[in-house]
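Thanks, everyone. Please look at the screen, and I will walk you through one model.

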Amino acid sequence: VNVASKCGNTPQYEKLEKLYEKYKEKLVIIGFPCNQFMGQEPGTSAEIKEFCTKNYGVTFQLTEKIDVKGNNQNEVYQWLTSKAVNSKMDSEVKWNFQKYIIDEKGNLINSFSPKTDPMDAEIIAAIEK
């Protein structure tokens, strides 16, 4: 999930944490802070972690800030967004909190829009599969 602290979708941190707590025996959530969408993640890595922990109780992993699109797109997002590499689908990161699900074998399963609730039935079904 690409994340940001000053976005309308930021409250999704709470449900992402609930999802992680419920399924942490079989689910890894990685938050990729990104400042590419209207500068909504301006903080340092330490500030981002402090914000997420203090305000949403986040215990899942957060990476350093990365680019999820453009010339400096992180390798993870190069893989997530290119069918030629992931063998599943092309996608474009449209905004903060776009979600991708990868199975335990490293296969891309699906992508979910930034507005999709982390506790959405389709996300739960993909995890419980």
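One term before we start: contact means heavy atoms within 4.5 Å. This is a predicted model, so local features need pLDDT of at least 70, side-chain atom pairs count only at pLDDT 80 or more, and totals for chains, interfaces and linings use all residues. Residues are numbered from 1 along each chain as its sequence is written, and side-chain values use heavy atoms, with hydrogens and water left out.

Start with I123. It lies in helix α5. Helices here are DSSP runs of H or I with at least four residues, strands are runs of E with at least two, and both are numbered from the N terminus. What does I123 touch, not counting residues up to four places away in sequence? The list is L19, K99, I101, F112, T116, D117 and P118. Is I123 buried or exposed? Buried, because its relative accessibility is 4%. The cut-offs: buried is under 20% relative accessible area, exposed is over 50%, and partly exposed is in between, with a 1.4 Å probe and protein chains only. I123 and K18 sit 105 residues apart in sequence, yet their C-alpha atoms are 13 Å apart in space.

Now K15. That residue is in helix α1. At 34% relative accessibility, K15 counts as partly exposed. Setting aside neighbours within four places in sequence, K15 contacts D117, P118 and M119. D117 and P118 are also on the list for I123. From K15 to S5, 10 residues along the chain, the C-alpha separation is 14 Å.

Next, the whole chain. It has five helices and five strands. From the N terminus, the order is β-α-β-α-β-α-α-β-β-α. The radius of gyration is 14 Å, close to the 14 Å that the globule rule gives for 129 residues, so the chain is as compact as a globular protein of that length. That radius is taken over C-alpha atoms, and the rule is 2.2 Å times the number of residues to the power 0.38. Along the principal axes, the C-alpha atoms fill a box of roughly 35 × 35 × 20 Å. Of the 129 residues, 43% count as buried. Among contacts with a separation of 6 or more, 58% join residues 24 or more positions apart.

A pocket here is an open set of points on a 1 Å grid over the protein atoms alone, where a 1.4 Å probe fits, with protein on both sides within 12 Å along at least five of seven lines; lining residues have an atom within 4 Å of a point. There are 23 lining residues, and the closest to the centre are L27, V28, Y100, I101 and I102. Which element gives the most to this lining? β4, with four residues. The lining divides into 18 nonpolar residues, no polar ones and five charged. Nonpolar covers Ala, Val, Leu, Ile, Met, Phe, Trp, Tyr, Cys and Pro; charged covers Asp, Glu, Lys and Arg; the others, Gly among them, are polar.

M38 is not a glycine, but its phi is positive, about 55°. M38 sits in the loop between β2 and α2, and is exposed at 69% relative accessible area. S87 also has a positive phi, near 60°. Its loop runs between α4 and β4, and S87 is exposed at 64%.
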